[in-house]
Amino acid sequence: MSAAQGEGLPIPGDWIPPLPAVAGFRLVLSPPAGPGGAPQPLYATHPDHRPVIALVLDRLVGSRLTAGPAEPSAAGGVLHVALRRGGRLAVEPAGECPDAAGPGERGYVCPPSPSDVVLRLSDGRAVRVRNPWMAGWLQEGWRAHLPVGAPQLLDRDAAVALAREQSGLPAWQARFVDAYPVERSGGTEVRPAWLLEAELPAGQRIRLVLDAQTGEVLRLVQLEALP
């Protein structure tokens with residue numbers, strides 16, 4: 001069924017991922033912002049980022065199919081939604097070209113629609129949808145939700161809260177390090193991190209390493225109790 005045939009209907013449920021399936025958000029602006037004005041990525045593992053990710057996903061679920069080409073405008077931001085199991089969803093401003101001009105004309109950029117966006121899956125499928133809130137968010141609305149400038153690191157309380165989520169243990173000791181080596185497929189990466197440790201009821205100890213920027217678990221080990 002084309003968008004024109006299904007105009008006004010909800011988008012298929014599998015187009016918008018649920019929050020547990022999302023790894024993070026990245027908004028790419030056009031034209032690009034300077035280093036101090038670029039929006040920071042959001043990570044689903046970061047406790048301060050989850051509410052914004054959940055809000056945007058909820059707003060996307062309310063999209064409705066609409067007529068018109070699934071052609072993006074080059075003006076505005078493109079939201080990239082990364083999934084935990086690979087693949088991604090892109091949310092782009094929909095182009096709104098007058099009949100007398102179009103994206104094929106040299107030097108012409110279709111202005112963004114004030115009400116429509118384009119959803120594009122990593123397999124190439126794309127659809128134009130009606131979502132005025134999302135259309136406005138891609139232009140300037142994101143500024144109310146995304147941090148800009150230097151990334152804010154997790155503080156001690158946030159790191160301990162994440163550690164409690166991992167195990168349910170209430171008491172954690174935490175120490176910050178600004179250069180923790182992490183082995184990745186492309187080599188060793190150095191990350192700011194929180195090193196946390198807690199004791200289990202039977203005497204064993206849990207050591208947990210959290211990325212201080214994203215909240216990602218970098219290492220989790222259980223140490224046997226001393227005799």
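**View 1. Trp-133 has its place in helix 2.** The model is predicted, so local features need pLDDT of at least 70 and side-chain atom pairs count only at pLDDT 80 or more, while totals for chains, interfaces and linings use all residues. Residues are numbered from 1 along each chain as its sequence is written, and side-chain values use heavy atoms, with hydrogens and water left out. Helices (H or I, at least four residues) and strands (E, at least two) are DSSP runs, numbered from the N terminus. Trp-133 is partly exposed, at 26% relative accessibility; buried means under 20% relative accessible area, exposed over 50%, and partly exposed in between (1.4 Å probe, protein chains only). Apart from neighbours within four places in sequence, Trp-133 is in contact with Leu-55, Val-56, Arg-59 and His-145, where contact means heavy atoms within 4.5 Å. Between the C-alpha atoms of Trp-133 and Ser-115 the distance is 7.5 Å, although the two are 18 residues apart in sequence.

**View 2. Asn-131 sits in the loop between strand 7 (126–130) and helix 2 (132–139).** Asn-131 is buried, with 5% relative accessible area. A polar atom of the Asn-131 side chain lies 2.9 Å from the backbone nitrogen of Met-134. Beyond the neighbours within four places in sequence, the contacts of Asn-131 are Arg-59, Leu-60, Ser-63, Ser-115, Asp-116 and Val-117.

**View 3. Trp-133 and Trp-137 form a stacked pair.** Rings of Phe, Tyr and Trp (its six-membered ring) pair if their centres lie within 6.5 Å; planes under 30 degrees apart count as stacked, over 60 as edge-to-face and the rest as tilted. By this rule there are 2 aromatic pairs. In the Trp-133 and Trp-137 pair the ring centres are 6.4 Å apart and the planes meet at 25°, so the pair is stacked. The two residues, Trp-133 and Trp-137, are separated by about one helical turn because they are 4 residues apart in helix 2. Trp-137 is buried, with a relative accessible area of 1%.

**View 4. Phe-176 and Trp-194 form an edge-to-face pair.** The ring centres of Phe-176 and Trp-194 are 5.4 Å apart, with 65° between the planes. Phe-176 belongs to strand 8 (residues 173–184) and Trp-194 to strand 9 (residues 187–199), so the pair ties together parts that are 18 residues apart in sequence. Phe-176 is partly exposed at 35% relative accessible area, whereas Trp-194 is buried at 9% relative accessibility.

Methods: Polar contact = N/O pair within 3.5 Å; in protein donor to acceptor, adjacent residues only side chain to side chain.
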